[in-house]
Structures are given as structure tokens and as C-alpha cells.
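Colleague: Before we go through the particulars, could you show me how to read each feature of a model like this one? I would like the general idea, and then the case in hand.

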Amino acid sequence: MPLLWAIRDVIGLTGTKYGCGVAQCGACVVHLNGEAVRSCVTKVSRAEGQKVVTIEGLSGNNDHPVQTAWQEIDVPQCGYCHSGQIMSAAVLLRENPNPSDEDIDAAMSGNICRCGTYLRIRKAIHLAAELQQKGKG
Amino acid sequence: MRRISRRSFIKNTGGASLALWLGISTKGFASQTSLPTEGKRFTPYILVESNGNISIFNTKPEMGQGTFQSIPALIAEEFEVSLEQITILLTNGEKELGNGQRAGGSASIRNNYTELRKVGASAKEVFITAASAKWAVDAGTCYAEYGKVIHQPTNRSFTYGELVEEASKLELPKEPKLKDPKDFKILGKPGKRPDVPLKTSGKAVFGIDVQVPDMLYASVERCPVIGGTLKNFDAQEALKMPGVEKVVAVERLMGVYRTVGVAVVANTYWTALQARKRLKIEWDTHGFETFNSTEYETQLRGLANEEGLPDNTLGSVENLNLLPQNTLEALYETPMVAHHPLEPMNCVAQVQGEKVEIWTSTQVPSTITGSGANDLHKHIGFAPDNIKLHATFIGGGFGRRLNIDYIIEAVNVAKQVEKPVKVIWTREDTTEQGPFRPMTFSQLKGGFSEDGKLIAFQHKVIAPSYLEAVRADFDKTKVDNIMVEGIGEQAYEIPNLKTSFVRADYHVPLGAWRSVTSSTVAFAHECFIDELAYLAKKDPMDFRLELLSKPSDTKRVLEKLRVFSRWDTPLGPGKGRGVAQWEFFAGLCAQVVEVSFRPDKSVVVDKVFVVIDLGEVVNPDNVKNQIEGSIVMALGAAVKPGITLGNGRVMQHNFYDNPLVRINEVPEVEVHILADGGKVKGVGEPGLPPFAPALANAIFAATGKRIRRMPFDLDQL
Ligand code: FES
Ligand code: FES
């Protein structure tokens, strides 16, 4: 069974979404030992004994810099893609605290948003980078 | 001057029924909030409890278009409460809230802008009356603010909660006084959407997330040949898999098309999906197994010579004796496309005796619980009163979830299973089974008089009929108004106009796709206007404005766009810009697209300038979000492969062969909102139709290459 369905149907955490099942859309992104993985194509056995973080566990109070920036800019429309978008963006910002538009495009092009909120995603990642910087400073 | 009537117009609401609301608190991140258990209703939309809690019932499902905020905003503005202090409750097709519980046609605001303000205003008036009676003062010396009534001279106040008993005994005024827009605190301001925090924390509940105790899962194999249906099946191998509970034949009704598939029911979704692969099925493909899109398109081109059914006629395009060098003719072609909301189709259903309970993402709660001729009850054999819906947030609609095919199918599975069952479509199911936006071919003709005036214009749409695909009683000898949407009603002043429709036989399920037929016919119409401008050796913006001598919304929008887009400032070498506008049932929008033509013959979409005419605006920031999204969706439909059939089957399966636009492909977007009164127009759809023609016109300006067929490849021009 893929990790996605174990998380959703067995554990019962439904923040992680199914969009394509074939590593195309990123709706199912979770952190496996800190790396962004597509849980729809990750065997649950690969996660055994490992640390998995889903959107529900990204922050204590919906206040990871990426989440705060997303709220500040009112990024989501339907919202279905955004668990995955946020999980991808969180890894990007950890690896690259000050990403350019090109860096963002490269890191986020695996996440589809059918509602087309991409311009806001880009803007919110820049804002999250600032917030993260301030948080550290 | 307020009458106090002893008769109470306000119903008491019992606790039991309210406990079933899927409450979504705007005051915290919980998706289940403390539900109102008592309280009084002021109109069906407002509930006030004596402890001061205020709930607003929102009849417009939230699918990303922003109604979760914009609809309560209309009520809250006039009721004098802030959105932070209320609880917003999505409704579930309850009878007392009427049959307008649906989201489609960009209609939520444009049809309710004044009515819902009146709801809030009339409730406010009874609270003011109640307070003034308690104080024995003139109501005119009291005002309401943040859920309180204040007596101005003495600064005394009561909360709405403290007044609820008295206020509930008063008659709600039918024509309450509405606020002066200059006093608006919410409307017209870029307000925060209260659903956003739920969507950044993973807590928003979509249909696919619903969990019901004892629930089973199902996955359905449907005939891969469109138009085919089940002959027989062998489930032996599937049933051997541990966890598989049952395999059943199941009927789906999509519009007029009735097909039977095979559902595997199991204890987990993954098991159901694996077992589905082990089914052995024989399909009856009814001769559709040889159907292919290429031949069908050839047929459509052939039909362009038919006269067709008349739509709109002005003057006469015949016998104008136009000189051949003053006329132009072109054929435009567009493909079918899929809706692809990111949340695949899904539905939980539970049948218990005479009753059925449904949990799903739907644009049409009223269709599910209603008693109308085309409502769900007709198709599943349950009385409307025995159908209970729990509506959720929607992971994208775009028209796909106006259809109830996936709900009918899930109920038909549930009828054969003892427990609640969740049917989830795979992305492949969603891609391969339709419904799709119909393709339209357009034949256009135009002609100038000898003194250079455009005096003749014809637009003939050649296409399968949408209405025929969704309504069994549609009369095929009549023009399908949906298929000629907007083409006979543009504001251009052309003395001789003829628009018409040639219907083509088809057997593929069709659906309304965001902006319906305007997303294809506007491409043909507005590109051809551009062709005519070039024939007349005129600037495309000048040419359009010259056809708009009289005052009109279209003229205002284009004049604004000319300035906003800096149309008259030359672009650098290798660049081009194009313009298009479209007015249709949903609203009016015009765009200028700027492109760069690269030495490798590829085109990059640099920037889009948008002017949208709304009359009134509720949340300008949300309007911008909608426009940005509309452009992404319209770009995808213009440049990405559409849906095609071969051997009777849909040739595309998932995002790898039916790709959507990604973040690296998105142009800059600048939006100007016109909201200076006048007819209130829609937001969700008008951003799409002008984009593809403005892009194609920009490409012509930059490259000299005229595009008459969607999709077109930006990498190879
Ligand atoms: S569901 Fe995993 S990438 Fe789409
Ligand atoms: S917000 Fe709807 S898919 Fe991204």
C-alpha cells in the first residue's frame, strides 16, 4: 500500500491529498525524514520506523512561516492542492532560505494547482523567506 | 415608525436538526465547531443565540471561487457584524433555504447582491427596534455596530444576544433601508477569506476526506469505449483478495447517457483499486469501438457548408454585392477538454431502508435534495425527503460538479451494500470518462463596404449539442442556445449580422466547462475580428472601438484597457500584443496579452492586462485571485493537448498525457476592476474567454502567423 493511503485511510489523517496517484501533481507531498516525497508512489514499507511529517504536523498552530505567508496573501482558492504546495515550499525554504523566482519555479513545478494560484504561491514563498529570516534574527 | 407585531415570523430552531450542520468555524481552526444548539432564525440565513453567537447560513458551495466569504459578507455588512465574530455554515440543500443552493454560472454575487444585503438589513432593523423599545427611546437615536445596538445619546448598548427574544417577536421589514456604499466596512474591501486557515492546515474537509464509521471503499471499472456498457463480468479473482467484500454491477447516468460499470467494494480504497485490476469484463461497445476524433473533425469541417439553424439575424448578409477583396472567410477549430478539478470525483453514500445519506463535494446541493424533475430523487428511487446531504468544501468545480453522475453511481453502489461506502474515482477515471467541454468549430465570414466599413459578419458554430447531451427532452430541431453563447450579442455595431448553429451527431458525455461555450466561440469570434482589422489595415484596438460608437459596457472596458495596458506605447523588437473582449451571460472582461517571439521560434507569454467590469465588487483581492486563476486555466486550454478519442476510447489518461499549466509557465497578470455601479456581473468565468484570442492575436502581431486552431504549441510556431 502506498504511504498516501496508509496516512489517509488507516491513520485517518486526511490533510494529505490524492490528485493523480502517479507522481505528477504533488497533492500528496509529505516529509519523510525531512525530505519532500510523493506519498502516492512511496511504499508504506519505506516509511517503516522513519519520521513522517504531514501537513497536520508541520507546525504547532498553523504558523510555520509558509503557512503564515499563505494566510497573509490569501493564496488558496479551492485549497485542495495546498497541503502539498506548503509541504514542498517548506523544504525549499529550509534548503534555500532566499530563493529566486527561478528557484521557486524549479522547486514547485511538481505541484499542480488547477485553480491557478501560482502567482500567489510565488509571492507567498518570498514572504515566507522574509518571515523565516526575521524569526531567526 | 416600526410596527411591532405579536405574530412571530421567526421560527424557533430545535437543537436536533442543527446538530447535523457541518459547522466550519471562522473563529478558530477547528472544522467542527461548537454547533448552535438553540437560537432564533432571522430570515432563513441568520441564527442568533442568546449567548451572543451568530451564525450565517451560506447557500453557495465553496469551490475556490470565494463564496465562503463573499456571500456572508453581503449579509454581515448590513447586519452590522464582522466576519470574525460569526460562524459560517455551508448549507446542505435544506428545504427552508430554497432551491438556489448551487454555485454555477458566476451567479452567486450577480444574482444576490441586493437580496442578501436586504436580509442583513432587515434583521438589523428588528434588533434596533427591540433595543429602542427596551430603552423606550426613539429607534432613530440608535444604531448597530459589531453585533450590538447602541443608543447614541447615552452610549448604552445591548448585544444582539441580549435582544434575541424581543427581536424574534418582530416582523422583519420587507424593504429595509440599505447602507450607503460609502459606509461599507466589508464590501468593496480586500477582505481575508475565513476558509484560508483551514486550507493551510489540512483541516478543511473535502468530500474525499469524509470518514463515516464502518465505511467501506469502492472503485469502479467503467467501459473504456465511450458509449459502451457492461455485458458481463467475472469477479472470481477479485473476490479472492483479502479485504474485498463485494463486486457489483453499478449504473451511472451522465446527462442522457446511461452506462453500467463494475464496482469493487473493499475495506480499504487501495484494496478495491488492486482488486479492480483483476476483474474480467466483457463490454458491449455498440459499434463505438472504431470512433476517432480525426474522422469526426473531418465530418465537422464538412458540415460547415450546411445552412444550420438560425440564432441571431440583423439586417441581411445576403445580396450585399461585396467585392471579393473586401471579404474574408475562415474556419476556427477547438478541442474537447476535461475539467480536472484536483479533487477527483468521489462520494460517500449510505442507504438504510427508505433513506439515503450522502456526503460529497457538489456545486448543486439543491439538485440533490430537491423535488424537481431533473433532481437526484428521479434517478435513484428515493423520495426527496428521504435524501440527506452533507455538503463539504469542494476541491475544484469548474462545472464538473454541476453534474450528479458520480452521486447517482455511488448511491447505486450503496444500495447493494449494508454499510456506508466511499466511491473514489482515479485520475484516470476522471480523465477518460467525461463529461468534456464540447469542441466547437466556427465558420466566420466578414465583409466591408467599398468605403471600408465592416457591414457584414457571420458566425456559424458547427458542433455537437450540449443540451442534447444533458436533457432527454431537448428538441434537436431547435438551436442549442448554449452552443452559440454570446456570438449574436456582442456590442459591435455591424448592420448585417447572421449567427447560426449546425448540430453534429455525437455520443460522448458533454458538460459545462468554466465559461461554457464562450471559452471556444470567443476564440473564433475575437480572432476573426482581428483578421478583419488587419484586412482593413487598422490597429486592432482602433478597429474595435470604431465598431463601438454608442455608449456600452464593452466600449468602457476597452477604453479603460487601452490606457491600462499602455496599448499605444510601442513594444520592443520580437514582441507583440493582442487584444480581445467577451461579453456573455456571466459577465464582461477584456484582456491585452503581450508575448515575445524567440529566435528558436518559440513564444513566451510575458504579461496579461485585464479589465473586468463588475458593476459592484465584494472582495477585490478575491476577484484578482479568480482572474489570475482564469488565465492559468485558459492558457492550459489554449496550449495543452485536449481530449481526443481513438478506437472509441479517450486517448489521454492522467496529467502526463493531459498536462495542466505549471508554475514556471505563468505570465504576469495585472488586473483592473471596474465597479462603478450598473448591472452586477460575475467573477468566476469572464476571465477565461478573452485570453486565448488575445494570445493568438498577440502571436500574430509578433510573428505574422495566424492561429485558427486550439490547442497550439508555443514551442513551435
Ligand atoms: S497524488 Fe501523488 S503526485 Fe499526485
Ligand atoms: S487551489 Fe484549487 S487546486 Fe490549487
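Colleague: How far apart are the mean positions of the positive and negative charges of chain B?

Modeller: Lys and Arg count as positive and Asp and Glu as negative, while His and the chain ends are not counted, and the place of a charge is taken as NZ of Lys, CZ of Arg, CG of Asp or CD of Glu. In chain B the mean positions of the 83 positive and 85 negative charges are 3 Å apart. For chain A, with 13 positive and 13 negative side chains, the centres of the two sets lie 4 Å apart.

Colleague: What should I keep in mind about the model itself?

Modeller: This is a predicted model, in which local features need pLDDT of at least 70 and side-chain atom pairs count only at pLDDT 80 or more, whereas totals for chains, interfaces and linings use all residues. Residues are numbered from 1 along each chain as its sequence is written, chains are lettered from A and ligands numbered from 1 in the order in which they are written, and side-chain values use heavy atoms, with hydrogens and water left out.

Colleague: How many helices and strands are there in chain B, and which pattern does chain A follow along the sequence?

Modeller: Helices (H or I, at least four residues) and strands (E, at least two) are DSSP runs, numbered from the N terminus. Chain B has 19 helices and 28 strands. Chain A has five helices and three strands, and its pattern, read along the sequence, is α-β-β-β-α-α-α-α.

Colleague: Why can chain A be called as compact as a globular protein of its length?

Modeller: The radius of gyration is taken over C-alpha atoms, and the globule rule is 2.2 Å times the number of residues to the power 0.38. Chain A has a radius of gyration of 14 Å, close to the 14 Å that the rule gives for 137 residues, so chain A is as compact as a globular protein of that length. For chain B, with 717 residues, a compact globule would have a radius near 27 Å, and the value of 28 Å agrees with this. Along the principal axes, the C-alpha atoms of chain B fill a box of roughly 85 × 75 × 50 Å, and the C-alpha trace of chain A spans about 40 × 30 × 25 Å.

Colleague: What share of the residues in each chain is buried?

Modeller: Buried means under 20% relative accessible area, exposed over 50%, and partly exposed in between (1.4 Å probe, protein chains only). Buried residues make up 63% of the 717 residues in chain B and 61% of the 137 residues in chain A.

Colleague: Which domains does chain B have?

Modeller: Domain bounds come from an automatic or database domain assignment, which for chain B gives domain 1 (7–201), domain 2 (209–287 + 345–424) and domain 3 (293–337 + 436–703). The C-alpha centres of domain 2 and domain 3 of chain B lie 37 Å apart, and their contact (heavy atoms within 4.5 Å) takes 12 residues from domain 2 and 19 residues from domain 3.

Colleague: Where is B:Thr644 found, and is this residue buried or partly exposed?

Modeller: B:Thr644 is in the loop between helix H18 (620–639) and strand S26 (645–646) of chain B, and is partly exposed, with a relative accessible area of 30%. Leaving aside neighbours within four places in sequence, its contacts include B:Ser293 and B:Arg649. The C-alpha atoms of B:Thr644 and B:Asn292 are separated by 7.6 Å, although these residues are 352 residues apart along the chain.
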